[in-house]
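Me: I'm new to reading protein models. Could you walk me through this one, feature by feature?

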Amino acid sequence: MMGNRDLEREGGAKPRNGSYQPPPTAAAPYYMENSESQWTSWLVPMIVVANVAMFIVVMFVNNCPSNINNFGSGGRRQCVARFLGRLSFQPLQDNPLFGPSSSTLQNLGALEWDKVVHGHQGWRLFTCIWLHAGVVHLLANMLSLVFIGIRLEQQFGFVRVGIIYLLSGIGGSVLSCLFIQRSISVGASGALFGLLGAMLSELLTNWSIYTNKAAALITLIIIIAINLAVGLLPHVDNYAHIGGFMSGFLLGFVLLLRPQFGWLERQHLPAEGRLKSKFKAYQYVLLLIASILLIIGFTVGLVMLFRGVKANEHCDWCRYLSCLRTSRWSC
């Protein structure tokens, strides 16, 4: 499961209720947490509600009791949780995650290489983010979104977090579609990994204003590494995770900059003591580099995708990024 860690700002800590307690220093009367920390989180809860509502719609359309005979063949097959009626789940041999059939997901917008490339259905790069393979999949992603997204939205506002979430999800879809041509893909994992990547770049670009930064960095890297390692298991789309993470990591340098320490109280200082720049030079450099890489990455990825390039044919070792074959399972 994904998680995050509260990071302390230099000069004070931010309690759980979001209020700021300044340190007992001379600057305390003038130093305030910037306004971005005062946002009330509403976008992340709305995304959770939208995903749950979409899952209910998918299950309604799936209608297992009426269509079970059309979803494959062989053996005596019964819907799971039949008391739910039309919303009951596919047999576990079809979907062990307690969800709809793959054909229903495909019809409602799942990511599929052939339909994106040859069917000119590029919108699937977006719609697949809002679909989930089952209750287990949905719960894992939404709990992770709550733990990660609410804190980010409180600090940086709904606009920036929303942009990171959506663009990271699309970035994950593009990389997934470039490498996976024989199966469908759904889920918000790419967008969630984008938020994790943004947390990492936010820590790095605002490095000078944090305390306990080494411990926070190590903890965050461990969390990211564990989540990426889980993606090496079969039937998990780690390409979407990696694409989302890289997109969010670069977007964090662009969108999650914090003013350097002392900028906010500059109006209370004499002219000769005021800072000349809101951000430090290295923050501007990272912003420029990340912006260039984002433009190049999305442009090259989309061009390759719509030209029908199969990236796995040009990178033999890349298959190990999504699934490691062992004696216990095959990929």
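Reply: Here is a short tour of disulfides, a salt bridge, cores and a surface patch. This is a predicted model, where local features need pLDDT of at least 70 and side-chain atom pairs count only at pLDDT 80 or more, while totals for chains, interfaces and linings use all residues. Residues are numbered from 1 along each chain as its sequence is written, and side-chain values use heavy atoms, with hydrogens and water left out.

Me: OK, how many disulfides does a search of the whole structure find?

Reply: General idea: a disulfide is a covalent bond between the sulfur atoms of two cysteines. The cut-off here is a pair of cysteine sulfur atoms within 2.5 Å. Searching the whole structure gives two disulfides. One is formed by C64 and C79, with sulfur atoms 2.0 Å apart. This pair links distant parts of the chain, 15 residues apart: C64 is in helix 2, and C79 is in the loop between helix 2 and helix 3. Helices here are DSSP runs (H or I, at least four residues), numbered from the N terminus.

Me: Is the disulfide of C64 and C79 left-handed or right-handed?

Reply: Look at the torsion about the S-S bond: for C64 and C79 it is about -100°, so this disulfide is left-handed. The other disulfide joins C315 to C318, S to S 1.9 Å. Its torsion is about 75°, so that one is right-handed.

Me: Are C315 and C318 buried or exposed?

Reply: Buried means under 20% relative accessible area, exposed over 50%, and partly exposed is in between (1.4 Å probe, protein chains only). C315 has 12%, so it is buried, and C318 is buried too, with 7%. As for C128, it is in no disulfide; the nearest cysteine sulfur, that of C177, is 8.4 Å away. C128 counts as buried at 4% relative accessibility.

Me: Next, which residues form the salt bridge with the closest N and O atoms 2.8 Å apart?

Reply: In general, side chains of opposite charge can pair when their charged atoms come close. The rule used is a side-chain nitrogen of Lys or Arg within 4 Å of a carboxyl oxygen of Asp or Glu. A search of the whole structure finds one salt bridge, and R258 forms it with E202. R258 lies in the loop between helix 10 and helix 11 and E202 in helix 8, so the pair ties together parts that are 56 residues apart in sequence. Both R258 and E202 are buried.

Me: And which residues have the most contacts inside the largest nonpolar core?

Reply: A nonpolar core is a set of buried Ala, Val, Leu, Ile, Met, Phe, Trp, Tyr and Cys residues joined through side-chain atoms within 4.5 Å. The largest one here has 62 residues, and L145, Y165, L195 and L305 have the most contacts inside it. Helix 8 gives the most to this core, with nine residues. Apart from that core lies another, of six residues, including V58 and L105.

Me: Last one: what makes the nonpolar surface patch?

Reply: Patches use residues with over 30% relative accessible area and no salt bridge; like charges are joined within 9 Å, and nonpolar side chains (Val, Leu, Ile, Met, Phe, Trp, Tyr) within 5 Å. Accessible areas come from the Shrake-Rupley method with a 1.4 Å probe, and for residues only the protein chains shown count as cover. Here V52, I56, V57, F60, V61, F83, L84 and L87 make a patch of about 710 Å². F83 sits in the loop between helix 2 (64-67) and helix 3 (102-107), and at 73% relative accessibility F83 counts as exposed.

Technical notes:
Helices (H or I, at least four residues) and strands (E, at least two) are DSSP runs, numbered from the N terminus.
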